[in-house]
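Dear colleague,

Here is the structure I am handing over. My notes on it follow below.

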Amino acid sequence: MHRGMRVINLIVVHCSATKADRDFTEQDLEVCHRRRGMNGPGYHFYIRKNGDIKSLRPLSLPGAHVRGWNAGSIGVCYEGGLDEGGRPADTRTLFQKHSLHVLVLLLLKDSTLQKKKSKKH
């Protein structure tokens, strides 16, 4: 996929590593990333528990989500990833699963990416 001067060849899916029973907004994510010295959210898209897809960073700019792979990738993050006890778990809601599926299909349709190049992280 060509976005401006970037060649995209990978979609990386992350979780926010936050407890499923707590809200973690896109504003919370931005504050968290800025506290870590970043100039804003490192992901291109953020999927809230209700399925809302938030655009955080233009696709023309590299993300800041996978060291060594940012230049040629798109970063997608979903809210959650930890159960109520703080243990890693697939906490995606049905809304998030649907939105993630639709988003990845749209990104693939708008690109030359192969489905096998989409990875969870």
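**What was found**

The protein chain has an accessible surface of about 7,200 Å², and 54% of that belongs to carbon and sulfur atoms; accessible areas come from the Shrake-Rupley method with a 1.4 Å probe, and for residues only the protein chains shown count as cover. This is a predicted model: local features need pLDDT of at least 70, side-chain atom pairs count only at pLDDT 80 or more, and totals for chains, interfaces and linings use all residues. Residues are numbered from 1 along each chain as its sequence is written, and side-chain values use heavy atoms, with hydrogens and water left out.

The protein chain contains 2 helices and 9 strands (DSSP runs, numbered from the N terminus: helices are H or I with at least four residues, strands E with at least two). Their order from the N terminus is β-β-β-β-α-β-β-β-β-α-β. Of the 121 residues, 45% are buried (under 20% relative accessible area, 1.4 Å probe, protein chains only).

The largest nonpolar core has 14 residues (a core is a set of buried Ala, Val, Leu, Ile, Met, Phe, Trp, Tyr and Cys residues joined through side-chain atoms within 4.5 Å). Ile11, Phe45, Ile74, Val76 and Leu107 have the most contacts inside this core. At least two residues each come from β3 (10-15), β5, β7 (73-78) and α2 (94-109), with α2 giving the most, 5 residues. Another core, of 5 residues, lies apart from it and includes Phe24, Leu29, Tyr43 and Tyr46.

His44 sits in the loop between α1 (26-35) and β5 (45-47). His44 counts as buried because its relative accessibility is 0%.

Regards

Conventions
Buried < 20%, exposed > 50% of the residue type's maximum accessible area, 1.4 Å probe, protein only.
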